[in-house]
Structure formats: C-alpha cells, structure tokens
Amino acid sequence: MTDMQATVDKIFILDGGVAEVEDGSIYSPGINVGVPMTLSCNAYLIRHRGGWLLWDTGTQDDLVTEPEGRIVAHGIRGVVRNTVASQLREIGVTPDEVGTIAISHAHFDHVGNCRLFRNARWIAQKAEYDAMFGPRPEDFGYLPELYATMRQNAVELVEGDHDVFGDGAVRLIFTPGHTLGHSSLLVRLPESGPVLLSGDVAHNRENFRLRRVPVFNADHEATIASMEKVDALLRSDKATLWVNHDTGQSETLPHAPKWIA
Ligand SMILES: [Zn+2]
C-alpha cells in the first residue's frame with residue numbers, strides 16, 4: 001500500500017544559469033517573433049528521508065569562465081554566473097552524497113552537470129535513454145559529451161509514470177513531446193503541498209496555458225497531450241506548477257541556499 005500522504009523534507013532550487021534566445025517565437029510559433037528572451041534554468045535538489053535526489057543539473061558549470069556565455073545548441077546561448085558545484089558547497093552537500101538523479105530530458109541546460117554525480121542511481125525514462133545513447137543523439141540536439149559518464153551510473157530504466165521512492169512523495173510523470181522521453185516531476189512538500197516541476201513540457205506559464213508548442217519539439221501532438229495530462233494532475237492533486245524556464249516565476253521563488261518546505 002502506498003502512503004499517498006508521504007512528503008519529502010524540503011527542496012532547494014539551484015541556479016543552473018540562463019538560456020538566451022534571439023527569437024522567442026521558437027517557443028511560440030508566430031508569437032514573439034524577433035523578441036529576445038532570457039530563460040531561467042533551474043536544477044532542484046530534494047531532501048527525502050535522509051537522502052538526496054537531484055532533478056535536472058543545469059547548464060555546464062565550466063561556462064562560468066566565459067562571461068558572454070556560449071551558443072550551445074538550437075542557437076541558444078548558455079550563460080552561467082553561479083556554478084552548481086559552488087551552490088552545493090554552500091548548502092553543505094557533496095556531489096557524491098547525491099544518491100538519486102533524474103532528468104526531465106537531455107538538452108544541454110538540463111544535463112550540463114550530470115558528470116559531477118557519479119554515485120547517483122539514475123532513474124531514466126527508457127525512451128530518453130535510448131535517444132541519448134542511440135546512434136544519432138545529435139539529431140535530437142543532444143551533446144553526448146555532457147552526459148557520457150552517466151553510462152557508468154547505476155541505471156533504473158522506467159517506462160511511463162513512476163513512484164521514485166515507493167511512498168508517493170516523488171513521482172516521475174511521463175510527459176513526452178518536447179523530446180521522446182521527456183518527463184516532469186511531482187514532489188509533495190510538507191508545508192507547500194504538491195509541486196509539479198515542469199521540465200520543458202512548456203517554457204513559461206503563458207505558453208502552457210495557451211498550449212503553444214515550440215518549433216523544435218519532437219512530437220507536436222504528444223506535447224499537447226502532455227500539457228493536458230499535467231493540467232489534469234494540477235487539478236486532481238491541487239498541485240502548483242513550477243515552470244523551470246519561466247524567468248518571471250523563477251524570480252519569485254527562493255533559491256539556494258534558501259529552501260522550501
Ligand atoms: Zn530546457
């Protein structure tokens with residue numbers, strides 16, 4: 001029997017850099033044409049019964065040495081001012097203490113620091129894993145050198161939704177479309193209640209509400225279906241949606257070393 005009231009202890013939002021695009025309409029065809037946009041990139045460190053789970057890993061720390069950042073993929077510039085490694089140090093957690101890792105998908109702003117976490121058991125969506133380590137990851141805009149070390153992590157392949165710890169506190173929600181094996185994460189916080197970490201099911205709240213599908217998504221119809229799935233979950237579980245790349249929302253949430261319970 002799963003105890004659906006189980007919660008995690010707290011969550012730290014880590015600053016994983018920003019992504020700068022020259023034309024915001026890549027996320028909303030026909031809308032914001034030629035309008036530059038800056039997207040927050042977050043990683044999320046979750047404390048659960050004495051262990052640590054990391055959801056996404058941000059943009060690669062070594063970009064901190066390049067003040068202007070660098071165009072990494074899809075014409076998107078990654079800029080890092082505050083490394084994930086330094087934020088972990090400030091919290092007092094070493095990368096080796098992170099026991100579990102999961103990623104929404106394998107774009108550079110989500111897997112940039114995967115190589116830091118060699119001890120973590122990786123809960124991987126099989127469709128994403130297959131794309132990452134298949135014959136042509138670059139066809140999906142992936143940069144295998146960012147996550148190559150993950151092949152040596154202990155891997156638990158899952159297909160579809162998955163209860164990460166078996167107690168209902170954290171659930172991987174399969175939300176394909178942006179990529180073939182894309183996932184979101186439902187986290188139950190003791191005081192704030194359930195929070196749904198979007199991954200890139202949408203890139204901001206408006207695009208989510210209006211069901212706008214980015215031009216480079218792997219599957220348009222699946223993206224819409226995943227947004228509907230997330231919307232239904234927000235209602236049924238009375239969950240709050242935290243959109244990773246929504247800069248306006250991200251600025252309202254405390255980041256590490258502060259935490260949210
Ligand atoms: Zn992203």
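The legends below describe close-up views of one predicted model.

Residue numbers start from 1 along each chain, following the sequence as written. Because the model is predicted, local features need pLDDT of at least 70 and side-chain atom pairs count only at pLDDT 80 or more, while totals for chains, interfaces and linings use all residues.

**Figure 1. The whole chain.**
The secondary structure comes to seven helices and 13 strands. Helices (H or I, at least four residues) and strands (E, at least two) are DSSP runs, numbered from the N terminus. Along its principal axes the C-alpha trace spans about 50 × 40 × 40 Å. For 261 residues, a compact globule would have a radius of gyration near 18 Å; the chain has 17 Å, which agrees. That radius is taken over C-alpha atoms, and the globule rule is 2.2 Å times the number of residues to the power 0.38. Of the 261 residues, 46% count as buried. A residue is buried if 20 or more other C-beta atoms lie within 10 Å of its own, exposed if 12 or fewer, and partly exposed in between, with C-beta atoms placed from the backbone. Take the contacts between residues at least 6 apart in sequence: 68% join residues at least 24 apart. Two residues are in contact if their C-beta atoms, placed from the backbone, lie within 7 Å.

**Figure 2. The eight-stranded sheet.**
This open sheet has the order S4-S5-S1-S2-S3-S6-S7-S8, with mixed pairing. Strand S4 (70-73) and strand S8 (155-158) stand at the edges. Each has a single partner strand, so one side of each is left without a neighbour in the sheet. The twist averages 30° from one strand to the next. Two strands pair if DSSP finds at least two bridges between them. Strands of a sheet pair through backbone hydrogen bonds, either parallel or antiparallel.

**Figure 3. Strand S1, its partner S5 and helix H1.**
Strand S1 (residues 10-21) and strand S5 (residues 76-79) are antiparallel and share three bridges. Glu20 stands opposite Arg77 in S5. Helix H1 (residues 84-91) lies across S1 and strand S2 (37-48). The helix runs at about 160° to S1. Axes are lines fitted to C-alpha atoms, for helices over the stretch in contact, and angles run from 0 to 180 degrees between N-to-C directions.

Strand S9 (residues 162-163) runs antiparallel to S10, joined by two bridges. Asp163 has Arg171 in S10 as its bridge partner. S9 and S10 form a hairpin with six residues between them. In that turn, Gly166 has a positive phi of about 75°. Strand S10 (residues 170-174) is mostly covered, with four of its five residues buried. S10 also runs antiparallel to S11, over five bridges.

**Figure 5**
Five bridges link strand S11 (residues 183-189) to strand S12 (residues 193-197) in the antiparallel sense. The two form a hairpin with three residues between them. Leu189 has Gly193 in S12 as its bridge partner. S12 pairs in the parallel sense with strand S13 (residues 240-242), over three bridges. Leu196 stands opposite Leu241 in S13.

**Figure 4. The largest nonpolar core.**
This core has 64 residues. A nonpolar core is a set of buried Ala, Val, Leu, Ile, Met, Phe, Trp, Tyr and Cys residues joined through C-beta atoms within 7 Å. Those with the most contacts inside it are Tyr44, Leu45, Ile46, Leu54, Trp55, Leu185 and Val187. Leaving aside neighbours within four places in sequence, Trp55 is in contact with Ala43, Tyr44, Ile46, Ala102, Leu185 and Leu197. In soluble globular proteins, nonpolar side chains tend to be buried together.

Asn32 is found in the loop between S1 and S2. Its phi is positive, about 60°, although Asn32 is not a glycine. Asn32 is partly exposed, with 18 other C-beta atoms within 10 Å. Lys238 lies in the loop between helix H6 (220-236) and S13. Lys238 also has a positive phi, near 50°, in a residue other than glycine. With 9 C-beta neighbours inside 10 Å, Lys238 counts as exposed. A cis peptide bond joins Ala256 and Pro257, with omega about 10°. Pro257 is found in the segment after helix H7 (247-250).
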